[in-house]
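Hi everyone, thanks for coming. Let's take a few minutes to look at a model together, and please have the viewer open.

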Amino acid sequence: MNTTPRIHAMIVAAGRGSRFGASMAKQYTLFQGQTLLQHSVARLACSVFIEQCWLVIAADDTTAQTLDFTMPVQYATGGAERWQSVQAGVEAIRQSGAADTDLVLIHDAARPAVPSCDIDKVITAAMHEPYGAILATPVADTLKHSYAQDARLPTYIAQTLDRSNIWQAQTPQVFRLDQLQKVLQHVSEQQIAITDEASAFESLSLPIRLVAGSRQNIKLTYPDDAVLLSAILSLQA
Ligand SMILES: Nc1ccn([C@@H]2O[C@H](COP(=O)(O)OP(=O)(O)OP(=O)(O)O)[C@@H](O)[C@H]2O)c(=O)n1
Ligand SMILES: C[C@](O)(CO)[C@H](O)COP(=O)(O)O
């Protein structure tokens with residue numbers, strides 16, 4: 001009997017890219033002639049586990065459906081917060097007939113350089129977990145905590161943080177479908193602020209496995225991330 005759970009992939013692409021500051025949403029910025037969204041779909045398409053993908057886009061998005069993708073895509077409408085976009089994707093996946101024990105993979109459109117081997121690694125890890133697994137990379141720099149001050153004033157160091165056992169979370173993040181829906185409902189009811197789905201599990205003290213990922217899997221967030229991302233994509237080509 002085939003006990004491998006089905007994988008339902010979603011890419012969240014409903015953000016506005018305010019920190020990036022471009023005139024259009026950053027997921028439509030072109031690198032090597034392709035948008036970030038197309039690059040991210042292509043990376044997922046390299047995975048042996050993924051044959052199609054849900055794209056969670058803004059209600060007023062008129063770009064995504066004009067693009068060509070390297071595997072079949074379906075669309076869901078995102079929300080104001082990232083976790084609400086994920087919740088919309090989860091609902092669309094459930095409506096499509098997914099089973100509770102299937103796995104859901106969530107990836108940021110803003111992370112187009114994720115190595116496909118990392119995608120398969122985090123999926124395989126999640127298959128052996130009761131709740132899920134995420135890609136992450138151990139912090140490499142010394143971390144400073146600053147005094148909270150008026151942004152118009154110079155900022156000073158309050159303390160250096162112990163960086164042992166500190167990781168930077170990435171995506172994909174992969175979870176059991178029914179468990180993900182349950183924890184997102186908890187986040188909604190308790191109005192908990194989260195910036196990734198693993199945090200929702202943490203809010204209920206549910207264990208999520210960390211899988212060491214590539215430092216090439218950067219997220220395009222600020223304008224000067226573009227130079228580094230462009231170099232990484234060129235080297236990966
Ligand atoms: N309401 C939101 C917010 C974010 N995202 C997606 O989540 C990913 C990571 O979020 P982030 O880097 O913060 O993107 P933005 O929210 O667009 O950026 P900013 O916070 O600078 O506006 C992106 O692919 C973004 O499109 C989303 O689908 N729905
Ligand atoms: C999900 C994420 O990419 C993990 O690092 C990150 O939390 C997204 O945060 P953002 O503020 O929505 O970019």
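This is a predicted model: local features need pLDDT of at least 70, side-chain atom pairs count only at pLDDT 80 or more; totals for chains, interfaces and linings use all residues.

Residues are numbered from 1 along each chain as its sequence is written, chains are lettered from A and ligands numbered from 1 in the order in which they are written, and side-chain values use heavy atoms, with hydrogens and water left out.

Let's start with ligand 1. It is surrounded by 19 residues, and the closest are Gly17, Ser18, Arg19, Lys26 and Ser85; a residue is near a molecule if one of its heavy atoms lies within 4 Å of it. By class, that shell holds six nonpolar, six polar and seven charged residues. Here Ala, Val, Leu, Ile, Met, Phe, Trp, Tyr, Cys and Pro count as nonpolar, Asp, Glu, Lys and Arg as charged, and the others, Gly among them, as polar.

What about polar contacts, meaning pairs of N or O atoms within 3.5 Å? An N or O atom in the side chain of Ser18 is 2.7 Å from an oxygen atom of ligand 1, and a polar side-chain atom of Ser85 lies 2.8 Å from a nitrogen atom of ligand 1. On its own, ligand 1 has 560 Å² of accessible area, and the protein covers 88% of it; these areas come from the Shrake-Rupley method with a 1.4 Å probe.

Now, which residues surround ligand 2? They are Arg19, Arg82, Asp108, Arg111, Ala169, Thr171, Thr195, Asp196 and Lys219. This shell divides into one nonpolar, two polar and six charged residues. Oxygen atoms of ligand 2 lie 2.5 Å from a polar side-chain atom of Asp108 and 2.6 Å from an N or O atom in the side chain of Lys219. For ligand 2, the protein covers 78% of the 360 Å² of accessible area that the ligand has on its own.

Last, the rings. The structure holds two aromatic pairs, where rings of Phe, Tyr and Trp (its six-membered ring) pair if their centres lie within 6.5 Å. In one of them, the rings of Phe175 and Phe201 have centres 4.7 Å apart and planes at 15°, so the pair is stacked; planes under 30 degrees apart count as stacked, over 60 as edge-to-face and the rest as tilted.

Thanks, and I'm happy to take questions!

Methods: A polar contact is a pair of N or O atoms within 3.5 Å; within protein, one must be able to donate a hydrogen and the other to accept it, and residues adjacent in sequence count only if both atoms are side-chain atoms.
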